[in-house]
Amino acid sequence: MKGITFIAVAAAAAAVTFADTGPAAAQSANVSFFVTSTGAGKGADLGGLEGADKHCQTLAAAVGAGAKTWRAYLSTQGAGAVNARDRIGKGPWVNAKGDVIAKSVDDLHGSANGITKATALTEKGAVVNGRGDTPNTHDVLTGTQPDGTAFAAGEDRTCGNWTKSGADGIATVGHSDRTGLDESAAAKSWNSSHNSRGGCSQDALKSTGGAGLFYCFAAN
């Protein structure tokens, strides 16, 4: 009887192990696009591009996708300005459930873009709250024009290249659910919808429907 019990326990343990390393885990490992489930915690101060990339990498590693090189979809301004579209690889990209977001950089910034509320998932496969949800967190930091390029130097659209968390500066954001106050292209833009209000703090980002979240793409 003891032998039978031991065999049953061993079989149950093997089943649990298989479940942990089965299709769900494999799907997480294949993810190459997500919206961060949490921000950096300091508003739009992400520690610059380096800090934002590290946040992407850490979140990806937590779901078994850390073997990839992750990049935040963010532009910077001024000397040595960086275009968000130039730092995320060539694609294709899929979310945590295997839905194709875009096959290429051009697709991502064109009509073939597959980002919707249902597909702009976190690294955990969760839907990001959008317009009509409480709280609404669909404002995603990008600092980017619709074509994925940086804004010209001048008006700060990147909260000091992602180093500010105070009352000065603004950040351009996109709507992860492609929904806004009206039917305009800007309201439905995933990467360039409007500017934050009242600065770069966490509270300022919350005031327009954000939480300091941003997009992460596997660059390899």
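Thr208 sits in the loop between α6 (202–207) and β8 (210–218). The model is predicted. Thr208 counts as buried because its relative accessible area is 18%, and buried means under 20%. Its side chain reaches the side chain of Asp139 in a polar contact of 2.8 Å. Leaving aside neighbours within four places in sequence, Thr208 is in contact with Asp139, His194, Ser196 and Arg197.

**The strands**

Asp139 opens strand β5, which covers residues 139–141. Strand β5 runs antiparallel to β6, and three bridges join them. Strand β6 also pairs with β7, residues 194–195, again in the antiparallel sense. That pairing has two bridges.

| Strand pair | Bridges | Sense |
|---|---|---|
| β5 (residues 139–141) and β6 | three bridges | antiparallel |
| β6 and β7 (residues 194–195) | two bridges | antiparallel |

Particular residues face each other across these pairs. Val140 stands opposite Gly174 in β6. Val173 stands opposite His194 in β7.

Which way do the residues of β6 (residues 172–175) point? Thr172 and Gly174 point one way, and Val173 and His175 point the other way. All four are buried.

**The pocket**

Thr208 also belongs to the lining of the largest pocket. This pocket holds about 260 Å³ of space. Its lining has 17 residues. Those that lie nearest the centre are His175, Gly180, Leu181, His194 and Thr208. By class, the lining has three nonpolar, 10 polar and four charged residues.

His175 belongs to β6, and His194 lies in β7. His194 is also one of the contacts of Thr208.

Key:
Residues are numbered from 1 along each chain as its sequence is written. This is a predicted model: local features need pLDDT of at least 70, side-chain atom pairs count only at pLDDT 80 or more; totals for chains, interfaces and linings use all residues. Side-chain values use heavy atoms; hydrogens and water are left out. On a 1 Å grid over the protein atoms alone, a cavity is a set of points where a 1.4 Å probe fits but cannot get out, and a pocket is an open set with protein on both sides within 12 Å along at least five of seven lines; lining residues have an atom within 4 Å of a point. Grid points are joined across faces, edges and corners, and a volume is the space filled by probe spheres set on the points. Ala, Val, Leu, Ile, Met, Phe, Trp, Tyr, Cys and Pro count as nonpolar, Asp, Glu, Lys and Arg as charged, and the others, Gly among them, as polar. Buried means under 20% relative accessible area, exposed over 50%, partly exposed in between (1.4 Å probe, protein chains only). A polar contact is a pair of N or O atoms within 3.5 Å; within protein, one must be able to donate a hydrogen and the other to accept it, and residues adjacent in sequence count only if both atoms are side-chain atoms. Contact means heavy atoms within 4.5 Å. Two strands pair if DSSP finds at least two bridges between them.
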